[in-house]
Amino acid sequence: MADNNFDVIIIGSGPGGYVTAIRAAQLGFKTAIVEREHLGGICLNWGCIPTKALLRSAEIYHYMKHAKDYGLSADNVMFDAKAVVQRSRGVSGRLNGGVGGLLKKNKVQVIWGEAKITKPGEVAVAKSSKAPMLPQNPEPKGTLGAGTYTAKHIIIATGARPRTLPGLEGDGKLVWTYFEAMVPPEMPKSLLVVGSGAIGIEFASFYNAMGVDVTVVEIMDQVMPVEDAEIAKVAQKQLEKMGLKIKLSAKVSVLKKAANSVTATIEQGATKTEITVDRVISAVGVVGNIENLGLEALGVKTEKGCIVADGFSRTSVPGIYAIGDVAGPPMLAHKAEHEGVICIEKIKGLDAHPMKKEQIPGCTYCHPQVASVGLTEAKAKAAGFELKIGRFPFLANGKAIALGEDQGLVKTIFDAKTGRLLGAHMVGAEVTELIQGFVIAMGLETTEEDLMHTVFPHPTLSEMMHESVLDSQGRVIHM
């Protein structure tokens, strides 16, 4: 007979959930994880990973079409939409199986089904109403099923789902969420993307690169609203140069559906225009999966569709914790993972420290890429800091020119009084791989002097990070 008693039960196996489960097992906790649909969660199966596979295909296709710029020849370059999607799904499937292997290796028990917390320390699991994971990945062997399970510590890691606005609800055919956008049966000729956050702009960039006529509508006055305004303007200029049409301070007020097209009414102030497209992607954010968990009856505090938790992920009810997207922004996989590790180490009694959310990097994998950490210039000024700001353009960097990627900018923001790095913002080739250097610098409380004395390798894109710091002190060399 199965043992239904555990030290820790984690609800949800996304990046936050499975990483927390592994760390819990490492710390000696008897650990179980409840999953209703697919190991790895949205990020691995329908978000972070498969979108990057799609964007990689688009990137290679873009370079093949511009082979002549590199002294190469590639004639009659084409793509197979079905094969592009299959590659993306294959990447997800491979990693999905990998998560199952990691859980098994660490002796984490998988409970298959839908969880509800009936009281502190008790979880009732019902048979899942969802299909088992993905078609290419059957339900893992050795999992437990419906039943009642107990644990002193219950960690909610149920993630989030696409937010819907009235009139913009996804219908699976004409109006897509990111689920449908990731597996198009064929490429549409035209597309309207509503929202220019990371999800919206990545899909806009992908479809544009594949030859689709793409229009982006953003209600705020800048593309990628959470980014530094100067970086966003550089990104917008490059996106528009590549063919994207971007409408800012605008909203979609009406959608009229035909048999195989949609006519959208777009309002910009007092001006109304209509655009007819094959498909619409609704990318207006996500909302936490807090329903049907028993939270209201237990008195777990929620706010704006998310669970309220402190710096150690403790909710308003002792013994119940929340991590990742369901615990609020920033809704990023790496935030969920780190949050879960902090949570379980605090439970263990280790010297855990609350997460510093201002040091969580954000990355958008459009073309050009955008990456940032810390305060924007506007937020730093609003906080009362006296600033020293450095900038360095890609067009002055030898490696960027050699790559044929000479459009972009690195921007660094320092406290003029202390030299502390307050923020770093980048747009251009491979900046999502570069940003970690500034993240480490912020974590170590590095000053501009430390960074100026650091030797960066040549020729690399990373040299622009150094030059940007030098520029903040009036010492830039190559500009």
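This is a predicted model: local features need pLDDT of at least 70, side-chain atom pairs count only at pLDDT 80 or more; totals for chains, interfaces and linings use all residues.

Mentor: Then take the chain as a whole.

Trainee: How many helices and strands does the protein chain have?

Mentor: The secondary structure comes to 14 helices and 24 strands. The radius of gyration is 24 Å, close to the 23 Å that the globule rule gives for 479 residues, so the chain is as compact as a globular protein of that length. Its C-alpha trace spans about 70 × 60 × 50 Å along the principal axes.

Trainee: What share of the residues is buried?

Mentor: Buried residues make up 53% of the 479 residues. The accessible surface of the chain comes to about 22,200 Å², and 54% of that surface belongs to carbon and sulfur atoms. For contacts, look at the separation in sequence: among contacts between residues at least 6 apart, 64% join residues at least 24 apart.

Trainee: Which residues touch the most other members in the largest nonpolar core?

Mentor: That core has 42 residues, and Phe 206, Tyr 207, Val 214, Val 216, Met 224 and Ile 281 touch the most other members. Elements that give two or more residues to this core include helix H3 (48–65), helix H4 (81–105), strand S10 (213–217) and helix H7 (229–241). Helix H6 (198–209) gives the most, with six residues.

Trainee: What does Tyr 207 touch, not counting residues up to four places away in sequence?

Mentor: Tyr 207 touches Trp 176, Ala 181, Pro 184, Met 187, Pro 188, Leu 191, Val 212, Val 214 and Ile 281. Apart from this core lies another, of 27 residues, among them Leu 421, Ala 429, Val 431 and Leu 451.

Trainee: Now a single helix. What is the general idea when reading which side of a helix is covered?

Mentor: An α-helix has 3.6 residues a turn, so residues three or four places apart point the same way. Now apply that to helix H12.

Trainee: Which residues of H12 are buried?

Mentor: In H12, the buried residues are Val 431, Thr 432, Leu 434, Ile 435, Phe 438, Val 439, Ala 441 and Met 442. Seen down the helix axis, the buried residues of H12 fall within an arc of 160°, so they line one face of the helix. Their cover includes strand S20 (362–364), strand S21 (369–374), strand S23 (409–415), strand S24 (421–428), helix H13 (448–452) and helix H14 (463–472).

Trainee: How far does H12 reach from its first C-alpha to its last?

Mentor: H12 (residues 431–443) has 13 residues and reaches 19 Å, close to the 18 Å expected at 1.5 Å a residue. Glu 445, which follows H12, has a positive phi, near 55°.

Trainee: What about helix H1: how many of its twelve residues are buried?

Mentor: Ten of the twelve are buried, and H1 is mostly covered. Among the buried residues are Tyr 18, Val 19, Ile 22 and Ala 25. The cover of H1 includes strand S1 (5–11), strand S2 (31–35), helix H2 (41–46), H4, strand S6 and helix H9 (333–348). H1 (residues 15–26) reaches 17 Å from its first C-alpha to its last, close to the 16 Å expected. Just after H1, Gly 28 takes a positive phi of about 95°.

Trainee: Where does Leu 144 lie?

Mentor: Leu 144 lies in the loop between strand S5 (122–126) and strand S6 (147–156). Leu 144 is buried too, with a relative accessible area of 17%.

Notes
Residues are numbered from 1 along each chain as its sequence is written. Side-chain values use heavy atoms; hydrogens and water are left out. Helices (H or I, at least four residues) and strands (E, at least two) are DSSP runs, numbered from the N terminus. Buried means under 20% relative accessible area, exposed over 50%, partly exposed in between (1.4 Å probe, protein chains only). The expected span of a helix is 1.5 Å times one less than its number of residues. The arc is that of the directions from the helix axis to the C-beta atoms. Contact means heavy atoms within 4.5 Å. The radius of gyration is taken over C-alpha atoms; the globule rule is 2.2 Å times the number of residues to the power 0.38. Accessible areas come from the Shrake-Rupley method with a 1.4 Å probe; for residues, only the protein chains shown count as cover. A nonpolar core is a set of buried Ala, Val, Leu, Ile, Met, Phe, Trp, Tyr and Cys residues joined through side-chain atoms within 4.5 Å.
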